[in-house]
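Here is a short exchange about one protein. Take a look at it before reading on.

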Amino acid sequence: MQQHLKHPIFKILAETAEQTKTEIYVIGGFVRDLYLERPSKDIDIVVLGNGIEFAEKVGQKLKSNVAIFKSFGTAMLKYHDLEIEFVGARKESYRSNSRKPIVENGTLQDDQLRRDFTINALAISLNKQNYGEVIDPFEGLADLQNKTIRTPLDPIITFSDDPLRMMRAIRFATQLHFNIDQAAIEAISSQKERIHIVSKERITDELNKIILAPKPSIGFNYLFDTGLLKLIFPQMANLYGVEIINGRGHKDNFYHTLQVLDNICQTSEDLWLRWAAILHDIAKPATKRYEEGHGWTFHGHEDKGARMVPQIFAQLKLPLNDKMKFVQKLVLLHLRPIVLAQEKITDSAVRRLLFEAGEEIESLMLLCNADVTTKNEYKLKKYRNNFELVKQKLKDVEERDQLRNWQPPITGNDIMQTFGLAAGKEVGILKNAIREAILEGDITNNYEEAFTFMLQKAKELGLEPVTS
Ligand code: ATP
Ligand code: MG
């Protein structure tokens, strides 16, 4: 591995180790990512001795500031684009009610043993006598080779000690496209209730990393199969299953949702658009009905789903801001483009969609496209064709009418001044009438036409403009 430690920082660290007679190793994620050829900017250094003192020596040499976290016994410094963290080798023991261990000084082996997975426990020596040697007591290199997430200790102990590791196991499996070792999967299933001692924020951090991976369904399948999903995000677990009445079933909404999520990941990196995919059908279980002679329906699931979004965001400690509003809007509108594509595509329907979706129209179209999961070639082709037509029409209407950030060409103030009105019902009626006329295509979206239309409409209400 020596040739891989190309960065000049490793020479500097090794020199400092030599001069201070301290044993140090690169450890954890950086070593793993070196082998996986994933770029990595975080370097963890384990020091046999005092990590903070050693960091200060390196800081003097590099003339850079060292941030010290006394209560953790760690220190961090930045060097160009690298973040280097120093920690003394430690041995950890756990109590049952907390994921914070009791920590004592330990050997390199102790320190490797406290790490979550064999692939995260690899160390490379930066010491003169064996510079570049890989220290791999748990066969982490073999696990990298055969793409396995495995714990150095009995997985039941590993996961029970710090249940966040269950989420990390699934997150790494998803990010790296690895399998979780069978014994570890069973341990997650048996220890899953322990997840309740982990803070919601930490769980959601891992969940978001799963969602940002290229194929998040890998993680959600693990979460579901081990029973963790039901504990951390029950609304999503509820999507699972097919009910059959009179021999008629419906599609399994859990697997459909995963398919939509994987699909959207092919076209967008955006975390919130991915969340919209996860939540688009979230109210299907709550709105499911069997209608005699008709089959299964989910009437209003888009509306109810949008109303469920704030509560789910709060429960998962996701931000309650414009990101949530974005997700809500997409959930609410997710059926619209596809309904449009199935009918005769009129200008006014397209105008209305553009008006309601506003800036979110592109995201909505991506979501809608991802939502087409039919295996029927004929249907698929028909959808896609109609969809292209909708897109084309959207473009035409947008160019002509500029409805995306629609501002009424005539404001409430204009109306009040023209007719000498105070704010009230009539102003609202006129504003609405103008908007409807534009959306219906009776008039175009400009001041002159809107003004003429307004005069006419006002006359019907018995209003005359005041002459100045
Ligand atoms: P990434 O930075 O991509 O999240 P990483 O492996 O570097 O991956 P970090 O959270 O940065 O993960 O942790 C660095 C190292 O610390 C890990 O590689 C692992 O050895 C150890 N580690 C982190 N969290 C835990 C934990 N909960 N239990 C045991 N070891 C852990
Ligand atoms: Mg890291």
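The questions below turn to domains, their interface and salt bridges.

Reader: Into which domains is the protein divided?
Author: This is a predicted model. The protein is divided into domain 1 (2-144), domain 2 (149-232), domain 3 (263-401) and domain 4 (412-460).

Reader: How many salt bridges does the rule find across the interface of domain 2 and domain 3?
Author: The rule finds 5 residue pairs in polar contact across this interface. By class, the side of domain 2 that touches domain 3 has 8 nonpolar, 2 polar and 2 charged residues. The number of salt bridges across the interface is 0.

Reader: Is Arg 307 buried or exposed?
Author: Arg 307 meets Asp 303 in a salt bridge (3.1 Å, N to O). Both lie in helix α16 (residues 301-315), 4 residues apart, about one turn of the helix. Asp 303 is partly exposed, at 36% relative accessible area. Arg 307 has 57% relative accessibility, and exposed means over 50%, so Arg 307 counts as exposed.

Reader: Are Arg 32 and Asp 33 buried or exposed?
Author: Their side chains meet in a salt bridge (3.0 Å, N to O). Arg 32 and Asp 33 are both buried.

Key: Residues are numbered from 1 along each chain as its sequence is written. Chains are lettered from A and ligands numbered from 1 in the order in which they are written. This is a predicted model: local features need pLDDT of at least 70, side-chain atom pairs count only at pLDDT 80 or more; totals for chains, interfaces and linings use all residues. Side-chain values use heavy atoms; hydrogens and water are left out. Domain bounds come from an automatic or database domain assignment. A salt bridge is a side-chain nitrogen of Lys or Arg within 4 Å of a carboxyl oxygen of Asp or Glu. A polar contact is a pair of N or O atoms within 3.5 Å; within protein, one must be able to donate a hydrogen and the other to accept it, and residues adjacent in sequence count only if both atoms are side-chain atoms. Ala, Val, Leu, Ile, Met, Phe, Trp, Tyr, Cys and Pro count as nonpolar, Asp, Glu, Lys and Arg as charged, and the others, Gly among them, as polar. Buried means under 20% relative accessible area, exposed over 50%, partly exposed in between (1.4 Å probe, protein chains only). Helices (H or I, at least four residues) and strands (E, at least two) are DSSP runs, numbered from the N terminus.
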